[in-house]
Amino acid sequence: MKSLKRHWPALALLSPSLIVLAVFVYGFIGTNIQISLTDEQGLNADSNFIGFDNYLALLDDPRFHIDVWNTGVFSVAFIGVSLFLGLGLAILLDQKMKAEGFFRSIYLLPMAVSFIVTGVVWRWLMNPAEGSRMSGLNLLFDTLGLDFLVNQWHLTPTWGMLAIALPAVWQMSGYTMALFLAGLRSVPDEVKEAARMDGASELGIYWRIILPMIRPVALSAVVILGHISLKVFDLIIAIAGKQIALDVPAIYMWQTTFDAYNFARGATLATYILISVAVFVIPYLYFTTRKDKV
Amino acid sequence: MSLEMVRERKKPVTPGLVVGKTIQYGLLFFFLAFFLIPIYVVLVTSLKPLDQVSLQRMWEFPAAIDIANYVLAWEKLGPSIGNSFLLVIPGALLAALLGSLNGYVLSKWKFRGSDLIFTLILFGMFIPYQAILIPLVQTVRELGLYGGIPGLILVHVIYGLPIMTLIFRNYYLAVPDELVEAALMDGSGIFKTYWQIIFPISIPAFIVGIIWEFTSIWNDFLFAVVLTGPDSWPVTVALNNIAGSQIVQWNVQMAAAVLASLPTIIVYIFLGKYFLRGMLAGSLKG
């Protein structure tokens, strides 16, 4: 059965996709890196190989420093809160609650809409205007007597990205919950029963037995949320447009490439984004697919 | 039903249990509000007539329901919603079909190195698209497809292949190999076997795959904003432009946001089970 005869048709069927992906994924990554090592500007201009100069230049670029800070703040808040909320909601719904399906559907609903829609809507909610022009959530807080919650949202100096993380959490924590819930449901009832017989408390069962069992789910969630946060782009554009205070590498890359035609710098930023994602996605893919083989 | 059976099934109701349950439901309702508040504000704002839109009263119910905003929003967004459908329908069908063929080969026709190839395909799912954007734009331009919908369809089909391959491969792993072997014994070739045996039992995977692609192509912004022009803008780009301009009123913006998300929300409401399955497949645990 292992003859080439058997494999020929299989390869033939697979090859169109393989060739296209080889070019559009790996080939383009290669081309992008190649461009990042030159001084290419604009479409047809001559370009010279300049080694890693672009990479070094960005390390000294104040705008890139803002980007790194913003991505860090956003990622920590977004991933942390989504995980915490997702796991909390999953455990809650796992308590044989009535109308579980209803709650679950509403929590997951934001996943169906785009980051652009989410951004447009939250821009309206997170209006930073003060005084008589106060609106959105600030107005709600003010009316409810929760004045201490009134804030500048994404205009808050240094920490503005925390306000961007809020709609991102709104959109993705339901998804995180669904991941954890699927994990919790895959733990056999006998395991819980046995622990109960041994006198473990409900909380103890989760903490010491179930959570360690669903660690792979948590890892998946971190990888998925992480790669979303490292390339966050449309959400910020929809909420705040292009402001330097809320800049991230993906926006810088877009502007410098398509507005300023600095292809070399754009390609360098893109490579930095790719590296930041690849350092945790590649080991993840390697270990997950290896386990699959069994 | 005897009394003992009832007693056996129900836990004794203690005060502690009541308090616990109350707190649990309290939390569930609190987060229900968190997820619903934006939706409430969008709907309420979008239904208010122009003269009723004031910042101070944005949380109030509309005094009278007015769909004029929707008419205005439709005038601005209608063509791009049409574009989105022209984009999404062929894109989702093609990506799913190709993903199904790939999944079939990678699950039922494994060869040396096929698992490595599968991993290499999967990586395409996780790359930040910025990393291929510049060569992509150049290539689409050279193919003469820049600025139009066909080019964007092509791009979405290609970058949809990894997740589609994953969804179908996992689905076919659960299909017994004997089915394929029996067909081969009868003299069917690889493609005939696919077409007569595998394809007809793939409907659930197709629903999952097509819903996934429908949603992600509909919601995409990055490829669309880089590869299309005003005539071919899909709905996300058009909505962002409406919202970015200072002239469009909030209530029209909110009506536009509703229109822009209606198709995917309808899919979610009616086919939620399949939608969820696709999302979970995205975590590789499908």
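Where in chain A is A:Ala129 found? A:Ala129 sits in the loop between H5 and helix H6 (136-143) of chain A. The model is a predicted one. This loop residue is a handy place to start the walk.

How many C-beta neighbours does A:Ala129 have inside 10 Å? There are 14 of them, so A:Ala129 counts as partly exposed. Setting aside the residues within four places in sequence, A:Ala129 is in contact with A:Met134 and A:Ser135. Now look along the chain to A:Leu179. A:Leu179 lies 50 residues from A:Ala129 in sequence, and the two C-alpha atoms are separated by 38 Å.

Step back to chain A as a whole. Chain A has 13 helices and zero strands. Read along the sequence, the pattern is α-α-α-α-α-α-α-α-α-α-α-α-α. The C-alpha trace of chain A spans about 80 × 75 × 30 Å along its principal axes. Chain A holds 294 residues, and 42% of these count as buried. Take the contacts in chain A with a separation of 6 or more. Residues 24 or more positions apart account for 71% of them.

Next comes a pair of helices inside chain A. Two packed helices are described by the angle between their axes and the distance between the axes. Helix H7 of chain A covers residues 160-185, and helix H10 of chain A covers residues 215-230. The two pack at an angle of about 160°, with their axes 9 Å apart. Angles over 145 degrees count as roughly antiparallel, so H7(A) is roughly antiparallel to H10(A). The crossing of H7(A) and H10(A) is right-handed.

Which residues make this contact? From H7(A) come A:Met172, A:Thr176, A:Leu179, A:Phe180 and A:Gly183. From H10(A) come A:Val217, A:Ser220, A:Ala221, A:Leu225 and A:Ile228. The residues of the contact of H7(A) with H10(A) divide into seven nonpolar, three polar and no charged. A:Leu179 is one of the H7(A) residues here. A:Leu179 is also the residue whose C-alpha atom is separated by 38 Å from that of A:Ala129.

A:Gln152 counts as partly exposed because it has 15 C-beta neighbours inside 10 Å. The C-alpha atoms of A:Gln152 and A:Ala250 are separated by 24 Å, and the two residues are 98 apart along the chain. A:Thr158 has 11 C-beta neighbours inside 10 Å, so A:Thr158 counts as exposed.

Most residues other than glycine have a negative phi. A:Thr158 is not a glycine, yet its phi is positive, at about 65°. A:Ala99 also has a positive phi, near 55°, in a residue other than glycine. Where does A:Ala99 lie? A:Ala99 is in the loop between helix H3 (62-93) and helix H4 (100-108) of chain A. With 10 C-beta neighbours inside 10 Å, A:Ala99 counts as exposed.

Now bring in chain B. How many residues of chain A are in contact with chain B? The count is 77 residues of chain A, in contact with 70 residues of chain B. Helix H1 of chain A, residues 4-36, gives the largest share of the chain A side, with 16 residues. That side of chain A divides into 55 nonpolar, 18 polar and four charged residues.

In H5(A), A:Val121, A:Trp122, A:Trp124 and A:Leu125 meet B:Pro38, B:Val41 and B:Val42 in H2(B). The residues of this contact divide into seven nonpolar, no polar and no charged.

The walk ends with the domains of chain B. The domain assignment gives domain 1 (3-46) and domain 2 (70-281). The centres of these two domains of chain B, taken over C-alpha atoms, are separated by 37 Å.

Key: Residues numbered from 1 in each chain as written. Chains lettered and ligands numbered in written order. Predicted model: local features only at pLDDT ≥ 70, side-chain atom pairs only at ≥ 80, totals over all residues. Axes fitted to C-alpha atoms, helices over the stretch in contact; angles between N-to-C directions. Helix = DSSP H or I, 4+ residues; strand = E, 2+ residues; numbered from the N terminus. Parallel < 35°, antiparallel > 145°, perpendicular 65-115°, else oblique. Left-handed = near helix turned anticlockwise from the far one by under 90°. Contact = placed C-beta atoms within 7 Å. Nonpolar A, V, L, I, M, F, W, Y, C, P; charged D, E, K, R; others polar. Buried ≥ 20, exposed ≤ 12 C-beta atoms within 10 Å, placed from the backbone. Domains from an automatic or database assignment.
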